[in-house]
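Here are a few exercises to work through with the model open beside you. Try each task before you read its solution.

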Amino acid sequence: MKNVFKRCLKLLTLFSSNNETLTTNFIKDNVAEYRELGDSAFKRSFERDKALLKEMGFLLDFENDKWKINDGYKLTGTKIFDDIKSKGSMNIENFINTYQVIKQFFNSDYKLDSRNIYISKIIQAINEKRRISFKYKSSLRKIYPLGLKQYDNQWYVGGNEQSKFKTFKIDNIDDLKMGTKSDLHDIKLKSINFSWEESVEPILLELLVLKDHYSVQKNSFKHSLIKSIDEKNKVKIEISTYDIQKLIIFILITDAEIIKIKSNDKRKILDFIYEK
Amino acid sequence: MKNKLQLQDFTYLINILKDNNKWTIEDLTEKLGIDIESIVYMLNIMSEVYSINGENFIDFEIDSLENTISFEYSSTFTDLNTITDFELFKIYNLLKSNKTINVQNIDKQDLKKFYETLEIYFDEKSKVRFKDNLPINLMKEINIEYIKIGYSEALTYSIKPLSISNNQDGNVLEAIDLIENKVKTFLINRIIDVNELKLSSSSSKEKNKEIEVKFSYKNEEFLNKLDKDSIFFKDGLCVYTFRDFNVALEFFFEHFQDIKIVSPNKLKAEFDKKIIHLVDMINL
């Protein structure tokens, strides 16, 4: 592993001191451990090192825009820290100190689905109003990303696809590419709703549930709490939700009692149960 | 020496070192959370890295009398940005989902400012703000009231919290169970109260009775939630051993549309009973 660490650090320093794209030959000539290798061995080592850097968020991608004269590799993935530093939105020393303290107590080495690595490019595309393309459950999608949303421990990107607003689960995105042109649209977004929230009416119901159960499970489904009344160790809640599947799971797990529900909504839940 | 060094250990070391040109060994090991042998091993590797103009990436000298290390950094070293967007995203993901935990080891104002700075980049502008419901001082021994997966009653655990992390079920508190003397993970959204340490009130020590379940499935999405090494497929069915009956029951509720219990009968009957009860409640 010693050589791998050394090569990766050399790659980082090489790209850090060169803002332009670097050709494969230039990289090979300037990293001593690559220089001695034959073409196929170099390719294998370089791909392995790229993958290791990518796991950490350093993205080494080949840029071959047809309008550019110089093709080559470019290192991205550290734009946010650079941006915070240049904009001065927070005192950078305080930011680094807090980052270091957080690192002591929050373990950021945890495994997130590897596809979340695309977050860096998605954010850049949102901020610079670029288009992205990606494979989504085997179909090719091209969208203008507008914002992110977190729900049930999952991250989603919301965007405009052929004049329609849609949400895409980042875990299902593959092979994401960002367009080279910026400022492509002027679409403004106040909040992100899931596609199904736009088209259906929410379910309204009243439930009686143990307080502890509600406290533990309340984030497991997206709902609006209209009213809540404490009743000893239970709580009577009036809620609205679009998320029928997670509502059913919530009721099953918490043993919640349904107090009131409209007949239309009864039908919706039963249809969902019998669909299984 | 640390068993398995990773590339992020190097980038974090770079980030820390930049603060000073001279470190006491004690400060450095404490701040990095690794032993001096590992640090020296990493420094040796880094000292063999040269920038494109032949400049040494880093030079260091250990003073064993004073127990200090002095450094000379190249401009490439000081300019190198080691904090990636992806790492900030992972930290943000932890902070965002842990709003009910008030980690008292970190200054509240600094943490708030840090979170708000990252929020500009990652969030859809949600209106949720920090709440100080459950104050936890990491490294300080406490009692927690915790509802285990599949259970309705809270159990008391005497723990020493270590760090906050994430797994496929959500954010977790990693802590030493002081009664069983082993490291456990607790899902943060299942901690309902935090109290002063009182070992005698701990009720955590209990035996789980494992249960083997056979089930059919429509798709394989559920696989992410299970330990892949413990799943077996036989005659078109999936076989998996759950920690106990209630954990299994909750798992099947969560996937009620996609999987169907084949055996054991006791679990199947309980599952069907709950579904029938729900349907009856709706039909009333």
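**Exercise 1. Is A:Lys236 buried, partly exposed or exposed, and which residue does A:Lys236 pair with in a salt bridge?**

Step 1. A:Lys236 has a relative accessible area of 25%, so it is partly exposed (buried is under 20%, exposed over 50%, partly exposed in between, using a 1.4 Å probe and protein chains only).

Step 2. The partner is A:Glu231, with the closest N and O atoms 3.9 Å apart. A salt bridge here needs a side-chain nitrogen of Lys or Arg within 4 Å of a carboxyl oxygen of Asp or Glu.

Step 3. A:Glu231 is partly exposed too, at 34%.

A word on the ground rules: this is a predicted model, where local features need pLDDT of at least 70 and side-chain atom pairs count only at pLDDT 80 or more, while totals for chains, interfaces and linings use all residues. Residues are numbered from 1 along each chain as its sequence is written, chains are lettered from A and ligands numbered from 1 in the order written, and side-chain values use heavy atoms, leaving out hydrogens and water.

**Exercise 2. Which parts of chain A does the salt bridge between A:Lys79 and A:Glu128 link?**

Step 1. Start with the distance: the two side chains meet at 3.4 Å, N to O.

Step 2. Now place them. A:Lys79 sits in helix α5 (79-87) of chain A, and A:Glu128 in the loop between α7 (119-127) and β3 (132-136), 49 residues apart. Helices (H or I, at least four residues) and strands (E, at least two) are DSSP runs numbered from the N terminus.

Step 3. A:Lys79 is partly exposed, at 40%.

**Exercise 3. What area do chain B and chain A bury between them?**

Step 1. Buried area is the accessible area (1.4 Å probe) that two parts lose on being put together, summed over both. For these chains that comes to about 8400 Å², with 66% on carbon and sulfur atoms.

Step 2. Look at who supplies it: B:Leu7, B:Tyr121 and B:Ile282 give 9% of what chain B buries against chain A, more than any other three residues.

Step 3. The contact (heavy atoms within 4.5 Å) takes 88 residues from chain B and 82 from chain A.

**Exercise 4. What is the strand order in the open sheet of five strands in chain B, and why does β9 have a side without a neighbour?**

Step 1. The order is β9-β8-β7-β6-β10, with antiparallel pairing. Two strands pair if DSSP finds at least two bridges between them.

Step 2. β9 (182-187) and β10 (191-196) stand at the edges with a single partner strand each, so one side of each has no neighbour in the sheet.

Step 3. Zoom in on one pairing: five bridges join β6 (142-146) to β10 of chain B, and B:Ile142 has B:Glu196 as its bridge partner there.
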